[in-house]
Amino acid sequence: LTQTQSSGRPSMQESRASNMLWSSGGQFLSQVLSLGASFLLASRLPPSDFGALAIGLFGALVCRRFIVDGVSGILVSSKDESNEVFGAANIIAAFIAAIFIIGMIGISFVFESFISSNAQQSLIVLSIIPFADAVAASANGKLIRDKKFATITKRGLAANFAGLLSAMALFFAGAGFWALVAQQIVSALAGVVFVFGTIQRVYFLGTEMGILTRSARAASKIVINSAAVTLSGRIDVIVLTICYGEHYAGLYSFAKRVIESARDAVASSLSSISLAYAKDGLSGSGHSIARQCLQIILLICIPASIGLMWVSKIIVNVFLPNMWGEMATYILLLAPSLAPSVVVIVLSSFLIGAGKLRQVSLVGLAGIGSFLIVLMFAPLSVYIVPIGYTCSSGISCFLILKNVARTDSSLLFESSWALIWGGVSSFFMLPVLAGA
């Protein structure tokens, strides 16, 4: 018997398989429940309500990405496990949250005449989400560093389920648009409650200035990439609102929600696992976990994107009223981005965990730069934005592959197929554009 077997503890391979099973299964279930609830709400609510929600969530979701990536990156990449490191992470998270809370409230008044009252009020109400994310950030970062993925999954599912229950209760009580808002707030607050035990162990605000400076420097490199990826994924809704109104912004944001649900069901769990194991090195367990993640992406994402392209019109016609009809075209145009975007997320986490922060930041900046160039032409057609989103995903995938090739060329074969599929599937867009 090996030492592992004789001790009765699971081997590293078994532990890795268990983590993947828990994370992937939990994310899949969470996304299915959330997306199902969204379709139910959309059957009674107009697209403009979802456009208003997308505007209200803009700052909260950008802030969440900053906090989650920044704090997780600090804790995972740091070899220091002292209270001072957690204190530094908490201070940085609180600082980021404070900036976004002030910004969201300020923007709601500055742009009052350009957005609906629902969008303006939701910006103010949803500013509580950055506060909740900041409180739970170090606790979640510690769970990722300790590879407690089963715990993360269970608590995430419980928080999402609490949000869904509140949304359904308010929806059937006639709350309408505010049922959508309540879902986001309750999920965020429930996430804090469910990690309260961990928060008590890691919530320190005192730290040495040297540790705080080093942590802030490390977080800033990660946050630059987060800013690029998240802004490029959220500013599109703002552009559509300005050019065509909240109706089209709602159609597009819901279509993107379908794609992102499929993406997050795979990417969220795999990126956390890649981030946690990458610190073990570019060989051994770190290399093995990256390869397994990429193989899962190829087996799931490419068939999923093909399926979404073929059945997009059926999904919309069967489950939603006529006012949502144009959403099918948006799903068709966004579907090819699925596999490349998951590759970018997972390999970025792998490179961050391996300490390759500069490469990841450059890839993120290039991605948002290409998307912003395309968005300049948004007034020409309502379909320019989804096409730009898909193209920027392909560009980011190509650039991350170049960096992976320098770090570990043996990973290039699996991940390159995602980019190949993204390019080939783009030809399916041509009949849509011709008809438009």
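Q: In which helix is the place of Gly 369?

A: Gly 369 sits in helix H15, which covers residues 357–375. Helices here are DSSP runs of H or I with at least four residues, strands are runs of E with at least two, and both are numbered from the N terminus. Before going on, please note that this is a predicted model, in which local features need pLDDT of at least 70 and side-chain atom pairs count only at pLDDT 80 or more, while totals for chains, interfaces and linings use all residues. Residues are numbered from 1 along each chain as its sequence is written, and side-chain values use heavy atoms, with hydrogens and water left out.

Gly 369 has a relative accessible area of 29%, so it is partly exposed. Buried means under 20% relative accessible area, exposed means over 50%, and partly exposed lies in between (1.4 Å probe, protein chains only). From C-alpha to C-alpha, Gly 369 is 8.6 Å from Ser 392, and the two are 23 residues apart in sequence.

Now for the surroundings. The protein has 18 helices and zero strands, and 52% of its 436 residues count as buried. Contact means heavy atoms within 4.5 Å. Among contacts with a separation of 6 or more, 83% are between residues 24 or more positions apart.

A salt bridge is a side-chain nitrogen of Lys or Arg within 4 Å of a carboxyl oxygen of Asp or Glu, and a search of the whole structure finds three. In one of them, Asp 133 pairs with Arg 64, with the closest N and O atoms 2.9 Å apart. This pair links distant parts of the chain, since Asp 133 is in helix H6 (residues 128–145) and Arg 64 in helix H3, 69 residues apart. Asp 133 counts as buried because its relative accessibility is 13%, whereas Arg 64, at 25%, counts as partly exposed.

Lys 256 and Asp 236 also meet in a salt bridge, at 2.9 Å from N to O. Here Lys 256 belongs to helix H11 (residues 246–278) and Asp 236 to helix H10 (residues 209–244), and both residues are buried. Arg 263 and Glu 260 form a salt bridge too, with the closest N and O atoms 4.0 Å apart. Being three residues apart in helix H11, they are separated by about one helical turn, and both are buried.

Finally, visit Asp 49 in helix H3 (residues 47–77). Asp 49 is buried yet has no salt bridge, and the nearest side chain of opposite charge, Arg 44, is 12 Å away. For charge, Lys and Arg count as positive and Asp and Glu as negative, while His and the chain ends are not counted. Leaving aside neighbours within four places in sequence, Asp 49 is in contact with Asn 118, Phe 177 and Leu 180.
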